[in-house]
Amino acid sequence: MADRPILELSDLNVHYGQAHALQNVSLSLGLAPVAVVGRNGMGKTTLCQSIIGLTRSSGGSVLMEGHEVSRLPAHRIARHGLAIVPQGRRTFPSLTVDEHLRLASSGKGGAWTIARVYETFPRLAERRNNGGTQLSGGEQQMLAIARALLANPRYVIMDEPSEGLAPVIVDHLIDVLRALSKDGIGLLLVEQKLALATAVCDRVEIMLNGRIAASMTASALMADFSMQQRYLGVASAGH
Amino acid sequence: MTLARTLLLTGTAGLGILCLVPLALFLALPENQALFWIGNILARALIYGIIALSLTFLATYGGFVSLAQMMVAGIAGYVLAMTVQGAVPVIIGGFGYPMAILMALLASVLAGLAVGAIAVRTNDIYLLMITLALAVGFYRFVESNIDLFNGYEGIRNVLGPDILGRRFRDPMVFYTIASGTALLLYLGVLFLVRTPFGLALQGIRDNPRRISALGYNVVLHRIVAFGIAGFIAGCGGVLATIYNIGISPGSIGLGATINLLIMSVVGGLGHPVGAFVGSLIFAIFDTFAASLYDRDRFNSLIGAVFLVIVLISPDGALGLSRRLGRLLRGKPKPGAPPA
């Protein structure tokens, strides 16, 4: 990890009423993609939401390229170059594919343009006039990724991108994520599918009950079956 | 279809309808009846359609059902009546029509922004209640401040400027101005909702959190949307005040507020054209119900008609025409799984 950090979380805490959902999470995230894995309810989505300002953290700091953003409203955080691909895609039912992209790209220059999105995801070009919810799960996922990329972010957080996708689409997703990473975009991949997480990321953080319980390389985790069972409750590392 | 082409086609079609309908009336009816239709029914439908458009715009694209739009129109009307030369009684007076109308529109935009700012954290039933409270509060304020607004009687004799030597309230002159204004505002709304601002507004209706995660300031967008709706309502308020030769608290009271909601809902909240469809249906029934049915109970007829429309088609007359069209073409419902 000789990687210069882009996004630094230190002692991040989130409370939902009495529940302490995120407990002193510290992560230093650079250009190399990092996966966060863990079972349901361990605080993975809370982690994503608190970084981008949709959930208020009750303590700790989030530094985005040296700027403290944890107290900013979500729209200001987004302008610091942080984007999210939310769990469940959350495309807008009343907007077409093209409108999603125009909404996401307005007024910002950069490497990602609508034309490049259509080039990268030809499927979206075919469905440009379809509504956001008339798309298949895979198409919606591509749309959600494209929506995030059009802000030309420095760092993208992806919350369970493989959820509900067919294996062949997951393979395509792996290619897309690898390409993004090569392109110089930082990637925090929150994922339940170990195969996807380890295919994209060399570094894996394991979340347990709102804490980072362990940090290891993807190959070490893949080799340690008892670890997988203990923290992830998986019987195999397959899809 | 590109936006420019859509606007051009819609504009031409709208202009065609707005020109052909009076022509058809002149051909079909004696002159005085045709003028009655144009001056009293069509013009009225257009004016209140404009005010209803401000509500439909907010409801359709932002998901904000605001009951304060009649109030905002009334603020424009009162500013016009208070400032313009010739109004009776003189409250401020002394301004010509262009300046007075400009101030009226400015006031309606500010009022719209204020309503938006006050209601910015509320949605659904709470937004409805807060805007209703504003509307009723303003009505009481106007009614009870006799020095400023001349109380119950209101301000009269707002005749409008002469246009090319003809009276503003001449049925054809008024109709031309009202239809031109309505068409421009309608096209303006269609244009606006395709801009990034309008797309963000629709995104806010779907999911405000996602919009803020994309870097859009949700609060600001909501307030600006209310400001724009304020401008639309203000245009309608100015025209309504000239149409009614003045303004009184009754024209912005609870009854007027609810009538506006009825127009929007009966027309249909799915598309801005619904505002005008609803206001036309309303104007026709409001005018003729008394001669069709018992003079003392014609409101029952109006109520029954609206009830039937909303019962048959929860999305108003627009939904009704869509349903009929689908029935005739034998197409499945939208949202039904493709065969």
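Chain A holds an open sheet of 4 strands, ordered S2-S1-S4-S5 and paired in the antiparallel sense. Strands here are DSSP runs of E at least two residues long, helices are runs of H or I of at least four residues, and both are numbered from the N terminus; two strands pair if DSSP finds at least two bridges between them. Strand S2 (19-29) and strand S5 (67-68) of chain A sit at the edges with a single partner strand each, so one side of each has no neighbour in the sheet. The model is a predicted one, in which local features need pLDDT of at least 70 and side-chain atom pairs count only at pLDDT 80 or more, while totals for chains, interfaces and linings use all residues. Residues are numbered from 1 along each chain as its sequence is written, with chains lettered from A and ligands numbered from 1 in the order in which they are written.

Helix H1 (residues 44-52) of chain A lies across S1 (7-16), S2 and S4, running at about 70° to S2(A).

Moving on to chain B, the tally is 14 helices and 2 strands. Its radius of gyration, taken over C-alpha atoms, is 20 Å, close to the 20 Å that the globule rule (2.2 Å times the number of residues to the power 0.38) gives for 339 residues, so chain B is as compact as a globular protein of that length. Buried residues (20 or more other C-beta atoms within 10 Å of their own, against 12 or fewer for exposed ones and partly exposed in between, with C-beta atoms placed from the backbone) make up 46% of chain B.

Two asparagines of chain B have a positive phi. B:Asn150, with phi near 60°, lies in the loop between helix H6 (146-149) and strand S1 (155-156) of chain B, and is buried, with 24 other C-beta atoms within 10 Å. B:Asn157, with phi near 65°, is in the loop between S1 and helix H7 (171-192) of chain B; this residue counts as exposed, with 12 C-beta neighbours inside 10 Å. Elsewhere, the peptide bond from B:Val88 to B:Pro89 is cis, with omega near -10°, and B:Pro89 belongs to the loop between helix H3 (69-83) and helix H4 (97-118) of chain B.

Key. Contact = placed C-beta atoms within 7 Å. Axes fitted to C-alpha atoms, helices over the stretch in contact; angles between N-to-C directions.
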